[in-house]
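Please open the model in a viewer and keep the selection panel at hand. The tour moves from a sheet to a helix pair and then to a single residue.

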Amino acid sequence: MPGGSNDRAVTLDDVERAARQLGERVHRTPLLTSRTLAESVGVPVLFKAELLQKTGSFKPRGVFTRLDVLSAEERRNGVISISAGNHAQALAYASAREGIDCLVVMWAAASPFKVAAARGYGAQVDLEASGPDEAFIRLAELCEQTGRTLVHPFDDPHVIAGQGTVGLEILEGAPEADVVVVPVGGGGLVAGVAAAVKGRRPDARVVAVEPEGSAVLHDSLAAGRPVRVEHGRSLADGLVCPIVGEHCFAVASVLVDESVTVTEDELRAGFRFLYERAKLAAEPAGAATTAALLAGKLDLGGAGAVALVVSGGNVSPEIASGILNFDEGRHPS
């Protein structure tokens, strides 16, 4: 997988190469069990705790993998990207470690918690866009103006390969896991995990989970091509994306076995379960896989074990308390 863009699909070889290159720059996050969920669904349940990853999400895996193939000139010119928050923090952190100047495009309604974190890691943050759709336009403008190299948050073969190391670790730590459930925003994580899991264990099932209000991969798979979801909304802001990546779709359309969606109330229930029972302070996006399991959206017939990717934990105290205090039909107290 040479530097720059690449039209071919990401493979297990690419993911294994990324794992070797990452070395100890990222954590090998734990697989945590849940007896409560296991008794409820009838199969062992494992949480892949990427909320304990550096910067609080899986994102550094793909970022470091992409930065590794920058040329000397690209490193001097700096990098740029777009993010709801987690990719921004990961790119800021990794760029600072690698001595590369970093600019990230966010938007006016982005979580102040995540904006502050990205700046704290050393990134410049552009907040001129009013929302995600406008932010992609702003990104294109700044790429042209600054000459920086784009480190795409999801639609880059190197990024996808780096994210796929999550899947390798799941199978290495729990070879009995034959259902792997992954939250989806732009599709980089699920594409990478699918490449890894299907490459190592073709009989395993990979299930994608999205919010009903931003089901871009779900709709794209139904259409047989990448489609846009305009003005997507969800409390799982890390999963709100107007497009699925073309590289991501090329992998997911072949290797993802099933795509399901969850409601906002189901996301809240998943968040509460992780916080109250599993003692995991996940963000709503990270709770999507648990939400799908609790809501009965997953077919676990004949499964040996199910692994739920808890993708991140960057949630503000205000959002967390609002979800925990939420009652259906009423505003939070």
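**The sheet and its covering helix**

Select helix H7 (residues 132–146), which lies across S3, strand S4 (102–107), S5 and S6 and runs at about 155 degrees to S4. Helices (H or I, at least four residues) and strands (E, at least two) are DSSP runs, numbered from the N terminus. Axes are lines fitted to C-alpha atoms, for helices over the stretch in contact, and angles run from 0 to 180 degrees between N-to-C directions; contact means heavy atoms within 4.5 Å.

This is a predicted model, in which local features need pLDDT of at least 70 and side-chain atom pairs count only at pLDDT 80 or more, while totals for chains, interfaces and linings use all residues. Residues are numbered from 1 along each chain as its sequence is written, and side-chain values use heavy atoms, with hydrogens and water left out.

Next, display the four strands: they form an open sheet in the order S5-S4-S3-S6, with parallel pairing. Its edge strands, S5 (124–129) and S6 (149–150), each pair on one side only. Pairing requires at least two DSSP bridges between two strands. Zoom in on Ile80, whose bridge partner in S6 is Leu150.

**The helix pair**

Select H9 (residues 165–173) and H10 (residues 188–200); their axes come within 7 Å and cross at roughly 40 degrees.

**A residue in H14**

Finally, select Thr289 in helix H14 (residues 288–294). Beyond its neighbours within four places in sequence, Thr289 is in contact with residues including Val181, Pro183 and Leu308.
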